[in-house]
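Biologist: I'd like to learn how to read side-chain packing in a model. Can we take it one feature at a time?

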Amino acid sequence: MSALRAEWTKFRSVPGWVRGAVIAALMILVFPVTGLGGGPPEQTRPVPIGPDGGPVVDGYYFVHRPLTGDGRITVAVGFAGAATPWAKAGLIVSAGPALGARYAAIMVTGGHGARMQHDYVHDRAVPVEAPRWLRLTRAGDTITGEASADGTHWTATETVRIPGLPATVDAGLFVACPSQVEGLGTSLAAATADFGAPELTGGWPEADWSGGQVGAGSATFGGYPREMPGGFEPTADGFTVTGAGDLAPATRNDIAVGASAADLLFGTFPALIVIVVVATLMITTEYRYGLIRTTLGAAPRRGRVLAAKAAVLAGVTFTTSLAAAVIGVPLWLRVVRGLGIYVFPASPGALLRAEAGTAAVLAVTAVLALAVGTILRRSATAVTAVVVATVLPHLLARTPFLPSAMANWLTTFTPAAALAVQQTLIRYPQVDTVYTPAYGYFPLSPWAGLAVLCAYTAAALGLAAFLLRRRDA
């Protein structure tokens, strides 16, 4: 305890160190706006919100008729030519024309077989080899999808419930094709499918088939213009339908002007540099002026001295950083939403984890800098080493033109992996997009990323304690 009290007294008696901790906290508070992609948007399109409250991509070409009450539709379907892996063609029941409306659909895809999807985020494979026939059945507010290779033997998926499904809904054929990410840009894509003549049973009033592109005017339509060249043509055996877009949860790449919790904590980077400088000076200053002899003379157990310095530094850093994050995140949430910038939703628990995790990253990095300063004994060399190891890799990983493999490597095997604690965006297996740190997606889970930093810090601290005991002060 005496060593801890001595280090705390020493820390607060040096105004520069105290100011450094305060400045680091202020960095967290004032820097987020620099990570919001240029401020308020000049032109906005609506972001469709799905039934779970998250943003969705709601774009497809829909050939439909009204269905009143219960009914069934069966059709043969196949793509006309090559199709991208997540191009979709099949049958759909939609709860309404509004963007983000609930739906259930059975489909074939370009490279993932038959799928049953509903309400954007739910996806399930149908175990049918070479699916060629699809069937969708409505019974009240439940929808059942089936697939078949020959139109005789059917494999059913789970029956999904769509609460609040109106008595009369639009149902029919659809085609969607997500835009393709290529390098730094996105190429527009469309798919064409041939449908056989639909077989209808149940409450289908006499009506003509109508067609139209859904969702082309939304912010998540992947760069497509408002008016798409999709369409449908009757054939001797049914219809040929061309469509674009997707039915899926939206990712960061789908919304040009958007923010996540990581953007609201963009001040972590300058704060890290300030904390690294303070932490390094806390030990190298003693070496520079020969004060380390006095310190070790008063407390001969050198490992305990190093532990006391680490505890004081980590405690101060964690406390000030946590206060700044807890104040800053709600504040900037209100600011960016007021500017018309879409903020990806995150649960209160995820936001708290990002805030506390940010404080933990800064605190552990401070201890790492202290250990490196003890090993190297020179301020400039130690600061450079820690900044290169912790800050530089993540700044490089956030650069969009860095190859994704390199970005993921940097945020897996370097101390920069710890910034995964700020991740609140979700990866979806049924959505192909750019899942890299530049877009807010990390290869490691939040706590696994923090564990990487802790491992580096433990190793450095162990080496520092060993050298402190072995060599002269």
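Modeller: A charge sits over a ring if NZ of Lys or CZ of Arg is within 6 Å of the ring centre and within 35 degrees of the ring normal. Bear in mind that this is a predicted model. Here R65 lies over the face of W209, 5.3 Å from the ring centre. R135 does likewise with W154, at 4.1 Å from the ring centre.

Biologist: What cluster do ring pairs build with W209?

Modeller: Ring pairs join W209 with Y61, F232 and F239. Across the whole structure, a search turns up 12 aromatic pairs. Take Y61 and F232: their ring centres are 6.4 Å apart and the planes meet at 45°, so that pair is tilted. Y61 belongs to strand β2 and F232 to strand β17, so the pair ties together parts 171 residues apart in sequence.

Biologist: Is Y61 buried or exposed? And what about F232?

Modeller: Y61 is buried, with a relative accessible area of 7%. F232 has 23%, which makes it partly exposed.

Biologist: What kind of aromatic pair do Y103 and Y120 form?

Modeller: Planes over 60 degrees apart count as edge-to-face. Y103 and Y120 have 75° between their planes and 4.8 Å centre to centre, an edge-to-face pair. Y103 lies in strand β5 and Y120 in the loop between β6 and β7, so this pair ties together parts 17 residues apart in sequence. Y103 counts as buried at 1% relative accessibility, and Y120 is buried at 1% as well.

Biologist: Backbone next. Which residues other than glycine have a positive phi, for instance?

Modeller: Y120 is one of them, with phi near 75°. Another is R377, at about 70°, in the loop between α7 and α8. R377 counts as partly exposed, at 27% relative accessibility.

Biologist: And how should I think about the core?

Modeller: In soluble globular proteins, nonpolar side chains tend to be buried together. In this model the largest nonpolar core has 68 residues, and those with the most contacts inside it are F11, L313, V361, L450 and L453. Helices including α2, α4, α6 and α10 each supply at least two of its residues. The largest share, 15 residues, comes from α7.

Biologist: What does V361 touch, leaving out residues up to four places away in sequence?

Modeller: V361 touches L272, A418, L419, V421, L450 and L453. There's also a second, separate core of 37 residues, with V75, V126, L165 and V169 among them.

Key: Residues numbered from 1 in each chain as written. Predicted model: local features only at pLDDT ≥ 70, side-chain atom pairs only at ≥ 80, totals over all residues. Heavy atoms only, no water. Core = buried A, V, L, I, M, F, W, Y, C linked by side-chain atoms within 4.5 Å. Buried < 20%, exposed > 50% of the residue type's maximum accessible area, 1.4 Å probe, protein only. Helix = DSSP H or I, 4+ residues; strand = E, 2+ residues; numbered from the N terminus. Contact = heavy atoms within 4.5 Å. Phe/Tyr/Trp six-rings, centres within 6.5 Å; stacked < 30°, edge-to-face > 60°.
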